[in-house]
Structures are given as structure tokens and as C-alpha cells.
Amino acid sequence: MKAFLNEDFLLQSGTAQALYHQYAASMPIIDYHNHLVPKQIAEDKQFENITQIWLYGDHYKWRAMRAHGVDEKYITGNASDEEKFMKWAETVPYTMRNPLYHWTHLELQRYFGVTELLNAESGKRIYDHCSALLKTKEYSVRNLLRKMNVRVLCTTDDPIDNLAYHQAIAASGFEIKVLPTFRPDKAMAVDDELSFIEYVNALSDVNGKTIQNLQDFKDAIKDRHDFFHSVGCRLSDHGLEHIYAEDYTEEEIAHIFSRLLSGKMVNKNEKWQFKSAMLVYFAHLDHSKGWTQQFHLGALRNNNNRLLSSLGPDTGFDSIGDFEQAKSLSKFLNTLDSTNQLAKTILYNLNPRDNELFATMTGNFQDGTIVGKIQFGSGWWFLDQKDGMEKQINALSNMGVLSHFVGMLTDSRSFLSFPRHEYFRRILCNLIGQDVENGELPADMPWLGKLVQDISYKNASQFFNFE
């Protein structure tokens with residue numbers, strides 16, 4: 001019987017152990033998609049206790065606590081931080097075989113040196129130990145990033161953000177690059193017409209120019225895109241149920257925008273036309289600057305209306321959706337490719353039934369100009385666990401070229417989530433190691449070592465050209 005979470009955790013063969021310990025473990029981290037708060041990095045925030053850094057905003061843990069029958073008072077309510085942590089500690093033993101069990105103990109080990117299992121009995125000791133460490137300078141936000149050997153991280157930012165904190169971080173001389181990512185979803189979110197008009201007005205205020213028509217709107221977005229680029233942004237990101245790829249003319253889109261701006265309702269087909277046109281426009285801007293565009297597709301969001309109304313979005317009420325993906329995605333990418341304006345692209349799916357669909361779709365638009373130009377992104381959200389990662393890696397291996405994969409990201413709101421890169425690397429090394437042990441791959445350790453180092457770090461470094 002192997003000890004839980006020992007140095008060979010998830011590494012089931014000697015080859016896997018050698019690949020991880022000799023090649024993958026020491027590689028730096030490029031976290032090219034997360035939801036960290038740049039203000040906290042700029043101010044080098046010191047968290048008061050482990051609840052604040054670990055449980056605030058973590059809807060993964062919130063879902064598990066609700067399933068365990070924990071009252072909302074101890075999740076997002078007004079209970080004390082210590083009480084909230086103790087409720088999480090009581091929940092943890094019941095999360096076995098959920099990735100939260102692995103992540104929880106991996107993070108306690110890597111950041112705080114805690115090897116004791118977290119449960120109701122150990123919770124107070126662990127809370128006191130970790131909270132005391134977090135109050136020391138060694139555990140400031142910037143030092144936590146240093147501790148994990150992070151080189152680059154990319155936050156997720158709305159076009160109207162002034163990026164003041166990103167600029168402050170760069171001016172401070174902080175050696176880790178903290179770069180914005182352009183997330184223009186609200187600039188095409190016309191399902192709620194009133195919210196869209198409010199966004200247009202906010203965009204106008206930020207740019208200091210009146211938006212009276214579609215061209216003004218597009219010019220305003222381009223101004224923000226240019227500004228983001230000047231601050232180091234090299235990626236965009238979109239969170240959509242599916243790609244929109246309806247036929248349209250510029251005249252139709254101008255008319256739809258005019259109706260929206262005047263407060264008139266538009267029908268579903270017109271909304272989809274507008275979204276389709278804006279996606280193409282965003283993609284053209286990305287291509288013109290050599291950015292990478294990311295598409296996170298397939299989430300069915302805000303399912304629980306009762307709790308959504310009291311807690312708001314991003315609080316743990318989203319799930320995997322079953323949207324049709326292939327035709328619209330193909331049409332969209334083909335539209336961009338037909339005018340040679342298809343930027344580097346990463347496609348993430350949330351429904352595992354679509355793994356092979358996405359993996360094969362990327363192959364349709366590789367054109368030999370850029371290594372791995374179109375990427376099948378790592379297991380995302382509900383799929384960023386052992387089974388989901390293995391399925392994504394296997395689908396990519398079977399349908400594409402794993403060697404050019406740009407690897408893992410945290411997609412997290414917590415500064416304690418960076419061991420997810422280690423988790424991914426161990427899973428990757430284990431899969432390759434097992435193939436070697438089975439005689440399905442040659443035992444060429446220098447080449448295999450290069451492969452895991454490339455996927456862990458080097459491919460992303462070259463693909464995004466941050467450094």
C-alpha cells in the first residue's frame with residue numbers, strides 16, 4: 001500500500017517517477033488563464049487567515065459544502081472566518097474521490113507544510129497554523145507566487161478596466177509578469193438589452209467619446225484593444241455556451257445596434273446575428289496584433305434562480321451544458337481562415353462528450369505557419385481533474401499532436417491553486433510512463449523528458465511570446 005500524497009503521488013511506474021522528478025517538477029509556471037485580482041498583487045496583499053485566501057470566492061468548495069448539508073451562513077453568509085473553515089474541515093473527509101480532496105491536501109502540503117489530513121478533529125490546529133503563517137511577510141501574495149515558481153500569469157479583464165493595477169505591478173519592478181486578458185463578453189451580451197445599453201454607455205465614458213452608431217462602438221472597442229496591448233495583453237478570452245456564426249451583413253448589424261441603442265427590443269435571430277458579427281470583429285482585432293484568442297464553450301450557467309437572486313452569479317450554480325458545437329465552430333473558424341485572419345486559438349470544452357469533436361476541429365485549421373496554431377485546451381472547470389485531464393490528453397494524443405500542447409492553467413480565483421500545475425504534470429508523466437512500461441513508447445528518456453518539459457512550460461513560453 002502506498003502512502004497518501006507521498007513524493008510519487010499519481011506516479012505509478014518508475015518511468016513516470018523519473019519523468020516527473022527529473023524533468024517536469026522543476027519547470028516554471030506560465031498561468032495564462034486565471035481570475036486572480038490584480039489589485040491584490042499590486043498591493044502585495046497579506047491575508048488575515050486561511051479562510052480569506054482559500055474559501056472566499058471558491059465555488060468548487062461551496063458546492064461541496066452545500067451537498068454536505070452546510071448552511072449558507074457558513075459558506076457565503078455572516079459566520080466568522082474560523083467557523084467557515086471548520087465547516088469546510090468537517091466536509092473534506094466526505095469529498096474523497098472528488099478532486100477537491102486531492103487539491104486540498106496538496107495545497108496544504110505545498111504552501112504550509114501540513115501533512116495531517118484535514119477533518120473536524122484537525123481543523124482548528126490547521127486553521128491556526130496556516131493563519132499564523134499567512135500573517136508573515138513570507139506569505140504575502142507576491143511571495144506565494146514566487147514560492148510556486150510562477151513566471152507569467154494572465155488575469156481576466158473587461159475592456160472597460162483601466163488596468164491601473166497591472167501598470168502599477170509593472171512599474172514596481174515585480175519580476176513575475178502579470179498581464180491582462182481582453183474579455184469582451186459584455187460587448188456582445190444583447191440578451192439583456194438594458195444591461196447592454198448600460199455597458200455601451202460605460203464604454204463611452206471610459207473612452208471619452210460618444211457612441212452614436214455601430215462604427216463608433218467598434219472604434220471604441222478597438223481603442224480599448226489597443227490600450228490593452230500597450231499594457232502587455234496578448235490574449236483574449238470568451239466564455240460562451242457555443243460559438244455564434246449566423247449569416248449577416250454590416251448593414252443588418254448597424255440596424256440592429258441602432259435599435260438596441262434606442263431602447264427597442266430585437267428578436268433572437270437578430271441577437272445571434274449581432275453576436276456573430278462581434279465575434280468576427282474581436283477575432284480580426286486579435287489577429288491584427290498577433291494575440292491568441294481563447295474560447296471557453298459549453299457551460300450552462302445560473303441554473304438555480306432562487307439562490308442566484310440572493311447570492312448572484314459565479315457562486316456555484318453552473319453545470320455542464322449539452323449545446324451543439326461543431327457546425328457553428330467550424331463555420332466561424334473557416335470564416336476567419338478564408339481571409340487569412342485566423343489568430344492563434346485555444347478551444348476549451350466543458351462537455352466530455354465533445355473531446356474528440358474539439359480535438360479534430362483543431363486539425364482542420366492548422367496551416368503550417370505556427371507550431372500548434374490551433375490548440376485543444378486543457379481540461380476546464382468540471383474537467384480539470386484526473387479523469388478529465390487524462391481524457392483530454394488522450395483525445396489530443398489520438399487526434400492531434402500532444403507534443404505541441406501548451407499545457408495547464410489554474411482558471412482559479414485563489415492564490416493557493418498553483419499546485420494544479422503539479423497535479424497536471426504528474427498525470428501527464430504517469431500516462432507517458434505507463435506507455436513506456438507497456439512497450440507502447442520507446443524508453444528514450446531524453447526525448448520524453450523534453451516532451452514533458454515542453455508541455456509543462458516551454459511550449460506556452462514560445463506560443464504566447466511573453467518573454
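In helix α1, residues G14, T15, A16, L19, Y20, H21 and A24 meet E422, R425, R426, C429, N430, I432, G433, V436 and E437 of helix α18, where contact means heavy atoms within 4.5 Å. The residues of this contact divide into 7 nonpolar, 5 polar and 4 charged; here Ala, Val, Leu, Ile, Met, Phe, Trp, Tyr, Cys and Pro count as nonpolar, Asp, Glu, Lys and Arg as charged, and the others, Gly among them, as polar. The model is a predicted one, in which local features need pLDDT of at least 70 and side-chain atom pairs count only at pLDDT 80 or more, while totals for chains, interfaces and linings use all residues. Residues are numbered from 1 along each chain as its sequence is written, and side-chain values use heavy atoms, with hydrogens and water left out.

Two packed helices are described by the angle between their axes and the distance between the axes. For α1 (residues 14-24) and α18 (residues 419-437), the axes come within 7 Å and cross at roughly 135°. Axes are lines fitted to C-alpha atoms, for helices over the stretch in contact, and angles run from 0 to 180 degrees between N-to-C directions. The two helices α1 and α18 are therefore oblique to each other (angles under 35 degrees count as roughly parallel, over 145 as roughly antiparallel, 65 to 115 as roughly perpendicular and the rest as oblique). Their crossing is right-handed, a label used if the near helix is turned clockwise from the far one by less than a right angle, with left-handed used if anticlockwise.

Helix α18 also meets helix α17 (residues 386-399), and the axes of this pair come within 10 Å and cross at roughly 55°. The arrangement of α17 and α18 is therefore oblique, and α17 passes α18 in a right-handed crossing. On the α17 side the contact is formed by K386, M389, E390, I393 and N394, which meet Y423, F424, I427, L428 and L431 in α18. By class, the residues of the α17 contact with α18 comprise 7 nonpolar, 1 polar and 2 charged.

Turning to the chain as a whole, its secondary structure comes to 19 helices and 9 strands; helices (H or I, at least four residues) and strands (E, at least two) are DSSP runs, numbered from the N terminus. The radius of gyration is 23 Å, close to the 23 Å that the globule rule gives for 467 residues, so the chain is as compact as a globular protein of that length. This radius is taken over C-alpha atoms, and the rule is 2.2 Å times the number of residues to the power 0.38. Along its principal axes the C-alpha trace spans about 70 × 55 × 45 Å.

Strands of a sheet pair through backbone hydrogen bonds, either parallel or antiparallel. An open sheet of 4 strands has parallel pairing and the order β4-β5-β8-β9, two strands being paired if DSSP finds at least two bridges between them. Strands β4 (235-240) and β9 (374-376) stand at the edges with a single partner strand each, so one side of each lacks a neighbour in the sheet. The twist in this sheet averages 15° from one strand to the next. Strand β4 runs parallel to β5 (residues 292-297), and 6 bridges join them; G239 stands opposite H296 in β5.

An open sheet of 3 strands, in the order β1-β2-β3, also has parallel pairing. Its edges are β1 (29-31) and β3 (177-179), each with a single partner strand, so one side of each is left without a neighbour in the sheet. Here the twist averages 5° from one strand to the next. Strand β1 is joined by 3 bridges to β2 (residues 150-154), with the two running parallel, and D31 stands opposite L153 in β2.
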